[in-house]
Amino acid sequence: MNAHELNPFIRYIDLRHCSVSYKTPLKAYDYRLFAIVDGECTANVEGQEISLCKDSCLVIPPNRTYRFIFNEHAPATLYNINFSLTYIPLNGRAIRPSAPEYFHPDHMPENPDPAFFPNPALVENAPEIIELAAQLLQERDRREIYFNEICSAMLKRILLQLMRLPKAGAKPVPMPVTNVKHYLEEHCRETITGDQLGKIFGYHPFYLNRLFRQHTGQTIHLYQMQCRMKAACTLLITTHMNIKEIADSLGFSSASYFSELFKKLRGVSPVDYRNGMR
């Protein structure tokens with residue numbers, strides 16, 4: 001999705017004082033944002049040790065294994081925000097994480113979006129995010145009229161601000177990856193193979209796909225499908241085209257395949273998406 005489509009929904013938020021380490025790793029079904037108010041701790045995410053200190057923030061996308069290690073003699077204070085990037089009607093409850101061996105990907109309320117935190121992201125020295133999280137919790141606790149909508153707007157500001165800030169250890173995206181992304185976005189209605197992309201950009205298809213996946217967290221094919229879904233969302237909202245017409249215009253073999261893929265990637269059917277956005 002594009003930034004203007006971001007409509008996050010807070011499933012749970014609290015301010016906690018932690019001194020007891022996780023006994024076992026966990027996997028979450030939605031996104032996790034941890035903002036450190038005071039103290040220090042360590043997060044083990046997918047086997048990588050990440051040190052967190054005052055004013056640092058860590059975003060962990062769904063379906064990632066993580067575990068926190070705290071110092072019992074020096075507790076850490078942090079905001080914990082569980083959220084989805086979009087609000088899915090009738091599915092706004094908090095979702096508890098589970099142990100990796102009991103994790104069921106089909107229970108995720110939405111598939112991770114490659115445009116927003118495709119990988120765990122650490123932002124250091126972000127006191128403004130801590131302040132915004134405090135305001136967000138206050139608004140959530142008051143629960144006055146329209147609090148869900150106001151909280152969504154506040155969380156959107158937090159997420160976009162985090163996207164702006166430099167990520168610890170981040171490496172620049174190679175130009176071939178950027179070029180492929182732009183090409184797929186501009187030609188999302190065309191069927192483009194890996195061999196064609198290799199010829200266009202002068203790289204072996206396997207190398208190009210491996211490089212793309214390394215820096216985006218997904219394959220070129222999946223990114224192409226995400227681009228098509230973005231175009232589909234625009235057509236669903238701004239036109240009166242039926243599902244078959246939209247499927248045909250985006251190069252899908254059938255309306256049923258388009259609908260199946262749309263629900264898999266967006267979490268709702270095309271019809272429900274159109275009804276919910278109008």
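In this account, a residue is called buried when its relative accessible area is under 20%, exposed when it is over 50%, and partly exposed in between, with a 1.4 Å probe and protein chains only. The structure is a predicted model, in which local features need pLDDT of at least 70 and side-chain atom pairs count only at pLDDT 80 or more, while totals for chains, interfaces and linings use all residues. Residues are numbered from 1 along each chain as its sequence is written, and side-chain values use heavy atoms, with hydrogens and water left out.

Side chains of opposite charge can pair when their charged atoms come close. A salt bridge is taken here as a side-chain nitrogen of Lys or Arg within 4 Å of a carboxyl oxygen of Asp or Glu. Across the whole structure, five salt bridges are found. One of them joins D30 and R11, with a distance of 4.0 Å from N to O. This pair links distant parts of the chain, 19 residues apart: D30 is in the loop between β2 (26-27) and β3 (31-38), and R11 is in strand β1 (residues 9-18). Strands (E, at least two residues) and helices (H or I, at least four) are DSSP runs numbered from the N terminus.

D30 also meets R32 in a salt bridge, at 2.1 Å from N to O. D30 counts as buried because its relative accessibility is 1%. R11 is likewise buried, with a relative accessible area of 5%, and R32 is buried at 3%.

Another salt bridge is formed by E139 and R142, whose closest N and O atoms are 2.9 Å apart. Both residues lie in helix α1, three residues apart, which is about one turn of the helix. E139 counts as buried at 9% relative accessibility, whereas R142, at 45%, counts as partly exposed.

D55 presents another case. This residue is found in the loop between β5 (48-52) and β6 (57-60). D55 is buried yet has no salt bridge, and the nearest side chain of opposite charge, K54, is 4.2 Å away. Leaving aside neighbours within four places in sequence, D55 is in contact (heavy atoms within 4.5 Å) with residues including I36, V123, E124 and P127.

Attention now turns to the aromatic rings. Rings of Phe, Tyr and Trp (its six-membered ring) pair if their centres lie within 6.5 Å; planes under 30 degrees apart count as stacked, over 60 as edge-to-face and the rest as tilted. The structure holds 17 aromatic pairs. F262 and Y273 form an edge-to-face pair, 5.7 Å centre to centre with 70° between the planes. F262 lies in helix α8 (residues 255-266) and Y273 in helix α9 (residues 270-277), so the pair ties together parts that are eleven residues apart in sequence. F262 is buried, with a relative accessible area of 0%, and Y273 is buried at 15%. Elsewhere, Y22, F34, Y66, F68 and F70 form one aromatic cluster.

Y146, in the loop between α1 (127-142) and α2 (147-164), counts as exposed because its relative accessibility is 56%. I145, Y146 and I150 make a nonpolar surface patch of about 340 Å².

Methods:
Patches are made of residues with over 30% relative accessible area and no salt bridge: like charges are joined within 9 Å, nonpolar side chains (Val, Leu, Ile, Met, Phe, Trp, Tyr) within 5 Å. Accessible areas come from the Shrake-Rupley method with a 1.4 Å probe; for residues, only the protein chains shown count as cover. Lys and Arg count as positive and Asp and Glu as negative; His and the chain ends are not counted.
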